[in-house]
Structure formats: structure tokens, C-alpha cells
Amino acid sequence: LGFFDPLGMLDDADQDRFDRLRYVEIKHGRIAQLAFLGQIVTRAGIHLDGNIDYAGHSFDSYPNGLAAINGPDAISGEGLG
């Protein structure tokens, strides 16, 4: 039956290459699902307990979403590096 490759990018690939690409695609899909779930959970107001750094800032002291990077209460530039 074969596999779906409409652009012909795997015309010269063997089964091992195809299996590796399938594995990587599944792995990235799972990471994306966890990232989405993390967004939903934090948007619902559920944060981890404890401090995010040694200065004593807690996880819920920072805003959700893009406001955590750009905004008045954003994470400092040193923490994003």
C-alpha cells in the first residue's frame, strides 16, 4: 500500500529513513500536545508551587502567555537567554 508522500521527498529513502522520520514526527506531536495542555492549565490559573528562581519569585508571580515575555511583569531578559 505504501505511504503518503505527495511531494516526493522520500523517493530515494529506504525503510530505515522512513521509520526515523515517523518516530520524530510522533515525538514532536507529543511535545506539541504537552505544550498546548500546559497553556490550557496555566490559563485556568493553575500554577506550580514553589519558586521559579533563587531570588524567590514564585511561578504565579508572572503572567500567562505572551505577557510573560512582553509586559510590565515579564520575565527578565536574563531568564529567557
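Biologist: In this predicted model, is Leu48 buried or exposed, and what relative accessible area does it have?

Modeller: The label follows from a cut-off, since a residue counts as exposed when its relative accessible area is over 50%. Leu48 has a relative accessible area of 59%, and therefore it is exposed. As for its setting, Leu48 belongs to the loop between helix 1 and helix 2, the latter spanning residues 77-80.

Biologist: How many residues apart in sequence are Leu48 and Ser61, and how far apart in space?

Modeller: Here the two kinds of separation can be read side by side: Leu48 and Ser61 are 13 residues apart in sequence, while their C-alpha atoms are 11 Å apart in space. For another pair, Asp5 and Asn64, the sequence separation is 59 residues and the C-alpha to C-alpha distance is 39 Å. Asp5 sits in the segment before helix 1, and because its relative accessible area is 23%, it is partly exposed.

Biologist: How should I read the largest pocket, and what is its volume?

Modeller: The general idea is that rolling a probe the size of a water molecule over the atoms shows where empty space is left. In this structure, the largest pocket has a volume of about 270 Å³.

Biologist: Which residues lie nearest the centre of the largest pocket, and what classes make up its lining?

Modeller: Of the 14 residues that line this pocket, Thr42, His47, Phe59, Pro63 and Asn64 lie nearest its centre. Sorted by class, the lining comprises nine nonpolar and five polar residues, with no charged ones.

How values were computed:
Residues numbered from 1 in each chain as written. Predicted model: local features only at pLDDT ≥ 70, side-chain atom pairs only at ≥ 80, totals over all residues. Heavy atoms only, no water. 1 Å grid on protein atoms, 1.4 Å probe; cavity = no way out; pocket = protein on both sides within 12 Å on 5 of 7 lines; lining within 4 Å. Points joined across faces, edges and corners; volume = space filled by probe spheres on them. Nonpolar A, V, L, I, M, F, W, Y, C, P; charged D, E, K, R; others polar. Helix = DSSP H or I, 4+ residues; strand = E, 2+ residues; numbered from the N terminus. Buried < 20%, exposed > 50% of the residue type's maximum accessible area, 1.4 Å probe, protein only.
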